[in-house]
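I set out to record what I looked up in this structure, entry by entry. The sequence and the coordinates come first.

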Amino acid sequence: MNYTSIKEIDSLQKWVKQALKIKKNPLKNKKLGKNKTLGMLFFNSSLRTRLSTQKAAINLGMNVMVMNFNSEGWTLEFEDGAIMNQGASEHIKEAAEVVSQYCDIIAIRAFPGLVDKEKDNAETVINGFLKYATVPILNMESATGHPLQSLADAITMEEYRPKHRPKVVLTWAPHPRALPQAVPNSFVEMMQKQEDMDFVITHPEGYELNPEITKDSKIEYDQDKAFENADFIYAKNWSNYKEYGKITNSDPNWTVTADKMKLTNNAKFMHCLPVRRNVIVTDEVIDSENSIVIQQANNRTYSAQLVLQKILKSLE
């Protein structure tokens with residue numbers, strides 16, 4: 001069993017219930033990972049993903065090895081038939097098979113370059129390990145998706161779910177740097193698995209995500225209108241998908257403010273973190289009692305633990 005996309009979840013509702021059960025007693029399956037090793041390979045920086053996934057593995061009794069490829073590993077070549085007379089020192093063919101001998105599960109984090117859309121959509125790093133590794137692969141965020149984050153988001157919304165059918169809004173917000181579409185992509189895919197929630201995406205015109213992902217999800221270009229009667233506001237920046245990787249809008253009017261939150265149904269504020277305060281969201285909002293970003297980050301452990309637990313059981 002691999003876990004590389006939120007699409008691999010057969011029943012989101014069932015998985016969320018299982019994760020919440022794990023949260024009540026996280027050490028219950030401490031023996032499941034005995035004598036098993038999780039290898040965590042980072043091609044990009046991390047805080048929550050690294051620590052929560054490592055904590056999840058420890059809760060399951062696993063050994064954990066961590067390697068930062070940017071500073072510690074050889075530069076990898078992913079192209080088949082490449083003449084390796086340039087920068088890359090090792091091919092993914094050997095690297096993936098070698099790491100597979102040391103680990104029972106390989107977890108990988110690799111961001112997009114945001115220069116070549118076709119290359120990023122091809123998920124070169126994740127798919128290279130899927131092709132050549134001989135053990136299960138776990139996606140800790142790739143060029144186009146972050147399935148551990150979106151599973152944690154689903155767990156968090158279930159915990160704070162109102163009694164009525166909730167309205168969930170994914171809103172774009174400005175940012176000084178060009179950011180990937182991975183988090184919003186997986187959040188959209190997760191929301192498409194929700195059976196009884198209303199979902200709206202709001203962003204400036206021209207900032208549409210990949211239409212193959214958003215499909216028939218509702219898009220509202222008026223942020224104020226989108227916020228009306230919302231129960232959850234999930235803020236996230238992403239760079240332009242059409243003019244790939246570019247920042248074509250920095251409008252501060254898209255920042256989530258207290259006045260905009262007043263349009264909602266006393267909505268909970270969510271963000272995957274790290275967050276640029278007073279750019280993405282004002283201090284007043286993120287420090288309010290309706291902000292659940294810390295609780296959301298805590299649930300990263302239980303989303304990872306659920307996935308690791310399922311993979312470990314598949315190895316039995």
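The entries below go from helices and core to annotated sites and backbone details.

**Entry 1. Ground rules.** I work here with a predicted model, in which local features need pLDDT of at least 70, side-chain atom pairs count only at pLDDT 80 or more, and totals for chains, interfaces and linings use all residues. I number residues from 1 along each chain as its sequence is written, and side-chain values use heavy atoms, with hydrogens and water left out.

**Entry 2. Helix α1.** I took helices (H or I, at least four residues) and strands (E, at least two) as DSSP runs, numbered from the N terminus. For the expected span of a helix I used 1.5 Å times one less than its number of residues. Helix α1 covers residues 12-24, and its 13 residues should span 18 Å; I find 19 Å between the end C-alpha atoms, which agrees.

I then asked which residues of α1 are buried. Buried means under 20% relative accessible area, exposed over 50%, and partly exposed in between (1.4 Å probe, protein chains only). L12, W15, V16, A19 and I22 of α1 are buried. They lie on the same side of α1, because they cover an arc of only 120 degrees around the axis; the arc is that of the directions from the helix axis to the C-beta atoms.

What do the buried residues of α1 pack against? I list α6 (147-159), α7 (182-191) and α12 (293-315), with contact meaning heavy atoms within 4.5 Å.

**Entry 3. The largest nonpolar core.** I define a nonpolar core as a set of buried Ala, Val, Leu, Ile, Met, Phe, Trp, Tyr and Cys residues joined through side-chain atoms within 4.5 Å. The largest one holds 53 residues, of which Y3, L151, M157 and F187 touch the most other members. Helix α12 gives the most to this core, with seven residues.

**Entry 4. L312.** I located L312 in helix α12, where L312 is buried at a relative accessible area of 3%. Beyond residues up to four places away in sequence, L312 touches L32, G33, K36, L60, M62 and I105.

**Entry 5. Helix α5.** In helix α5 (residues 124-132) I find V125, I126, G128, F129 and Y132 buried. These buried residues fall within an arc of 160 degrees seen down the axis of α5, so they line one face of the helix. Their cover includes β1 (37-42), β3 (76-77), α3 (92-102), β5 (105-109) and β6 (137-139).

**Entry 6. Cysteines.** How many disulfides does the whole structure contain? I find zero, a disulfide being a pair of cysteine sulfur atoms within 2.5 Å. C103 is buried at 6% relative accessible area, and C272 is buried at 8%.

**Entry 7. UniProt annotations.** I read UniProt positions in the numbering used here; feature names are shortened, and annotations may be inferred rather than shown by experiment. The unreviewed UniProt entry places "domain: Aspartate/ornithine carbamoyltransferase carbamoyl-P binding" at residues 10-159. That span is 42% helix and 16% strand, with its end C-alpha atoms 21 Å apart.

The unreviewed UniProt entry also places the feature "binding site" at E141, H175, K236 and R276. I find H175 in the loop between β7 (167-172) and α7. Is H175 buried or exposed? H175 counts as buried, at 11% relative accessibility. Apart from residues up to four places away in sequence, H175 touches N237, I247, R276, V279 and I280.

**Entry 8. Strand β9.** I placed E220 in strand β9 (residues 218-220), and E220 counts as buried at 15% relative accessibility. E220 and H203 are 17 residues apart in sequence and 7.1 Å apart in space, C-alpha to C-alpha.

**Entry 9. Backbone details.** A cis peptide bond joins L273 and P274, with omega about 0 degrees; P274 lies in the loop between β11 (268-270) and α11 (283-286). N35, which is not a glycine, has a positive phi near 65 degrees. I find N35 in the loop between α1 and β1, exposed at 64% relative accessibility. L114 also has a positive phi, about 60 degrees, without being a glycine. L114 sits in the loop between β5 and α4 (117-121) and is buried at 13% relative accessible area.
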